[in-house]
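Biologist: I've got this one open on my screen. Can you walk me through it?

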Amino acid sequence: MTIVGTSGLILNEKLLFEHSDPGRKGYSLPKLDVPAAELPAELCREEISGFPELSEVDVVRHFTRLSTWNYGVDSGFYPLGSCTMKYNPKVNEVAARIPGLAFIHPSTPSHLAQGSLELMYRLQVALAEISGFAKVTLQPAAGAQGELAGMLVIRAWHEARGSKRTKVLIPDTAHGTNPATASLTGYDVVPIASDGILTLEEVEAHMNDDVAALMVTNPNTLGLFETNIEAICKLVHERGGMVYCDGANLNALMGIARPGDMGIDVMHFNLHKTFSTPHGGGGPGSGPVGVTEELTPYLPGPGVEYDGENYCIEATRADSIGRMMAFHGNVGIMVRAYAYIRSMGGDGLKHASEMAVLNANYVRARLEGVYDLPFTSRSLHEVVFSDKDLEGDCHTLDVAKRLIDYGYHPPTIYFPLVVKGAIMIEPTETESQEVLDEFCDAMIAIAGEARDNPALLHQAPVRSRIRRLDETTAARKPKLKWEKGA
Amino acid sequence: MEFPEEFKYTEEHEWIMVEKDLATIGITDFAQDALGDVVFVELPEVGTVLEVGKPFGVVESVKAVSDIYAPIAGTVEEINEDLVETPEIINTSPYEDGWMIKIRMTDASAADALMSSEDYQALIAEES
């Protein structure tokens with residue numbers, strides 16, 4: 001087995017505040033050749049004490065050194081379940097740096113911004129086509145904000161009909177943000193149980209005239225497709241509710257099945273997952289929302305429309321829930337997502353989803369029998385193992401930490417909550433068989449180490465720049481501020 | 001692991017100690033072990049009216065954030081203030097120092113329907 005993790009010289013780096021030397025600066029100004037003018041006193045702030053003073057090279061080295069401590073999809077395999085950490089093609093970056101798209105001011109009048117507006121319009125249409133919804137808003141800045149926008153739309157629809165429903169049903173396989181969204185929208189969360197997938201009977205038992213919506217994730221966080229979704233949507237509609245779908249797992253479905261066709265009313269997309277824009281610290285994110293025809297009046301606005309000749313910003317709609325963001329959302333991210341969709345094409349997107357599912361099932365097939373697989377029905381783009389069969393008093397956290405020594409970002413752990421000691425692996429379509437094999441070899445080797453040398457797992461990571469952190473103390477007694485001399 | 005005989009238990013892994021119409025509630029030894037190190041606890045205000053099955057608080061550990069559901073209806077009489085600064089007592093003493101809330105029950109007889117120690121141990125044997 002080739003171990004991709006190794007040890008080497010890694011440079012230490014102090015905080016900018018600790019580097020500071022009074023009077024040092026990164027610029028030089030020409031000699032003053034006009035009379036000096038005093039600034040009015042009311043425009044002057046007080047001196048900031050301890051503000052770091054550095055030269056250009058200090059700053060460049062600081063951030064370059066910090067960047068070498070980072071781990072991202074450009075450095076290695078990142079199988080973080082539910083997060084779709086696919087490789088982000090560099091052609092997206094080329095598109096985002098086209099000066100006309102990169103430097104346009106958000107207040108540019110529509111007739112001078114036709115290119116940007118056309119791109120946004122085409123992205124709205126492409127996302128609507130991929131998902132089967134009537135209309136898409138690009139405004140929300142990330143998945144969680146997309147969820148909030150979507151649930152506010154559902155709430156506005158209920159209010160417009162005079163309905164005062166107070167509850168939202170959320171299955172135990174939904175994403176963790178879903179209950180937070182329902183709560184923030186002013187609803188009470190009713191958790192409902194699934195047995196791997198949601199059953200019609202379970203929804204039927206809870207779906208009454210106080211329930212505003214059901215929030216599902218499809219495929220769910222076990223990587224299982226909700227096969228009863230069509231019947232469930234029908235039932236919820238019959239009883240006066242709406243169905244929200246968390247679109248975080250859309251990477252399993254592109255070109256194969258459309259949430260809009262399943263009867264879902266609202267879904268958000270994560271452009272930073274499915275559509276290969278930067279994710280996490282590389283962000284910002286983008287969380288467009290698609291809705292059915294019936295819900296279009298309530299979408300956040302304004303979006304972009306096309307009159308057959310020109311692209312323009314929509315007029316304000318009376319029933320809209322209003323803005324989610326200043327201007328038009330994270331436009332630079334939209335450019336990257338549009339570049340991805342166009343460079344892949346319809347067939348390419350379908351192939352990406354097929355390969356994502358194939359890769360996850362390849363990992364599943366190689367690790368099944370080594371790690372416990374609590375749900376054995378057919379999984380799609382991700383697979384959830386547990387630590388049940390691990391020997392040597394080793395647990396999921398130990399496996400995750402040991403994977404760092406082998407050079408991998410650990411998968412998602414202890415989620416979904418329905419699996420005790422969950423290890424949630426989503427390889428995505430962008431990994432080759434060689435990478436998957438090396439990763440699976442590492443996982444198998446770690447299970448062997450748990451049996452033969454459990455101390456190694458308990459101490460892990462041993463090769464990383466910083467050893468295992470005391471997460472408990474960090475959470476109980478967080479130190480959030482640097483203080484001089486402390 | 002111990003599960004005191006004199007307590008009642010729920011499927012959500014809470015224990016209830018009943019004294020007349022006052023119920024003291026906390027999470028079981030099994031629950032604290034499954035959660036791992038508890039780092040934060042959120043409790044309701046005194047005087048809050050609780051319905052059966054409604055979340056009344058939150059326990060956050062290094063692994064997960066979990067809602068705590070009211071096992072019985074009533075009004076919050078007292079909360080364990082010590083949990084704010086030292087949530088770890090839920091790990092070290094789940095049945096004594098780590099109690100969470102005391103509620104004045106609307107109907108004390110409702111507690112009779114909850115699980116016995118024996119039934120609860122059978123439940124967790126099935127789960128683990």
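Biologist: Which residues of α12(A) are buried?

Modeller: Bear in mind that this is a predicted model, where local features need pLDDT of at least 70, side-chain atom pairs count only at pLDDT 80 or more, and totals for chains, interfaces and linings use all residues. Residues are numbered from 1 along each chain as its sequence is written, with chains lettered from A and ligands numbered from 1 in the order in which they are written. Buried means 20 or more other C-beta atoms within 10 Å of a residue's own, with C-beta atoms placed from the backbone. By that cut-off the buried ones are A:Thr396, A:Leu397, A:Asp398, A:Val399, A:Ala400, A:Lys401, A:Arg402, A:Leu403 and A:Asp405.

Biologist: What covers the buried residues of α12(A)?

Modeller: Helices here are DSSP runs of H or I, at least four residues, and strands are runs of E, at least two, numbered from the N terminus. α12(A) covers residues 396-405, and nine of its ten residues are buried. The cover includes β11 (412-413), β12 (422-425), α13 (433-452) and α14 (454-459) of chain A.

Biologist: Which residue just after α12(A) takes a positive phi?

Modeller: Step past the end of the helix. There, with a phi of about 95°, sits A:Gly407.

Biologist: How much of chain B is buried?

Modeller: The C-alpha trace spans about 35 × 35 × 20 Å along its principal axes. Of the 128 residues in chain B, the buried share is 38%.

Conventions: Buried ≥ 20, exposed ≤ 12 C-beta atoms within 10 Å, placed from the backbone. Contact = placed C-beta atoms within 7 Å.
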